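Here is a short walk through one structure. Keep the sequence and the 3D view side by side as you read.

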Amino acid sequence: MRSIGAIVTALVLVFGCADRGRDLSRLPALSGEFAIEDCSSLFPARGWQYVHSIDFTMDNGYGTTVLGVTTLESARIRCALLSVEGFTLFEALFDRDTGLAILRAVPPFDTAEFAEGLIADIRTIFLPPPGDMHPGLTQDGKKICRFTTAENRISDIIIADEKCPQIQTYSPDGLLQRLVSGRDCRRSQAGFIPRYLELHSYGRSGYTLKMNLLRTDRIP
Amino acid sequence: MKRILFLLILCCQCSPFATAFARDEAHPFRLQSIQARFVQEKNMKILARPLVSTGSFTFEAPQSLRWQYHQPVASLLLMHKGTVRKFVGRDGTLVEEKGAQLDGMQMVLPHLSDWLNGRFGDTDMFKVASADEHRLLLKPQQQGMARLISAIDIIFSETPGLIDAIILHEGSDATTTITFSERILNEDISDEVFTSK
């Protein structure tokens, strides 16, 4: 029991630490341009619910598996984490206007840091990034939709024909913080969603989320 | 995890309670083993529709348990001779969760013999809030448990010695209903069932 406590405590820590990342790839320079109307079409649609199994693994090999429920409403995100046995570990609501509200959380998931880190991961995976968008090409010819916020936080959407787009987020000083890649992307009423995706978070406490899409449901 | 295992053990122990509580107190049913399938339906406000899991379990007195989910995520809990192990399906195989030392199970085991003998009164974890021959309602004794499970309903079968379902209440708007079927009672069970994947 103590060890499980250690795992979930670590999980809380790494979700909370994701924004304090160090390391890794530098932001690539963009040279040319390419024509694209709307990069947001490369993301899941609002008005839908997505249920995933999520394998969480820390860089030291420890981890656990949970079920994740994510509902994208027009101006809100609802999310929940369940144990594989079905117990509710965490449930929260993120509203664009009023912010984050934790509806249910059992220890050690009952911290603001965990909730904020989880919502940041969800926003990276499911929503078009905030900021102004400029399309560009890397030196090796990759097409990128680059979103830049007023705080100089940068998100790159790397577009590859007939493949799932890759998402990379960078800190204001140009360090890679999160990398999302997917497989088996399909466009449907539920938007553009991979059947399988991985999120790598870099920093002092790196971790990986491997997510398998179990089902999608239209919400009223 | 020890709370989850407590609930699983609870499921296995309800059959003798049903008998002792209801119909034939002179000849109480003695459970040596039970095998069954189950369907688990999770309802909570956020879900567009219930989340349904299927699985099976095997229990042998006094304290061996195999509780396995087949869908949507494969997982396995094994308890045997005081050792508890948990496996989760990853890339098509069941992998033991690293560091998942479930030593809290020792708390639960002392209750086992009482339940086997149909003594299902208050424990330090749960108290009987109400009971009749069709249904038993348990409420948590401790605040820590109450944050996870606010109540447990046990629905007894018309057949003495069997239960039909268990409903776990998580607050006012979330329930997990486990419905049992294809029950096989008191067959010999190999130890391998509780020690191998």
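Start with two cysteines: C39(A) is buried, and C145(A) is buried too. Buried means under 20% relative accessible area, exposed means over 50%, and partly exposed lies in between, with a 1.4 Å probe and protein chains only.

A word on the source. This is a predicted model, in which local features need pLDDT of at least 70, side-chain atom pairs count only at pLDDT 80 or more, and totals for chains, interfaces and linings use all residues. Residues are numbered from 1 along each chain as its sequence is written, chains are lettered from A and ligands numbered from 1 in the order in which they are written, and side-chain values use heavy atoms, with hydrogens and water left out.

Back to the cysteines. C39(A) and C145(A) are joined by a disulfide, with 1.5 Å from S to S. A disulfide here is a pair of cysteine sulfur atoms within 2.5 Å. This one links distant parts of the chain, 106 residues apart. C39(A) sits in the loop between helix 1 (2–17) and strand 1 (48–58) of chain A, and C145(A) lies in strand 7 (residues 143–148) of chain A. Helices (H or I, at least four residues) and strands (E, at least two) are DSSP runs, numbered from the N terminus.

How many disulfides does the structure hold over all chains? There are two. The other pair is C164(A) and C185(A), with sulfur atoms 2.1 Å apart. Their link is right-handed, with 130 degrees about the S-S bond. C164(A) is buried at a relative accessible area of 13%, whereas C185(A) is partly exposed at 21%. Counting bonded cysteines along the chain, the disulfides of chain A follow the pattern 1-2, 3-4.

The largest nonpolar core has 72 residues. Such a core is a set of buried Ala, Val, Leu, Ile, Met, Phe, Trp, Tyr and Cys residues joined through side-chain atoms within 4.5 Å. F90(A), F57(B) and W67(B) touch the most other members. Helix 2 (residues 112–126) of chain A gives the largest share, seven residues. A second, separate core has 13 residues, including A80(A) and I46(B).
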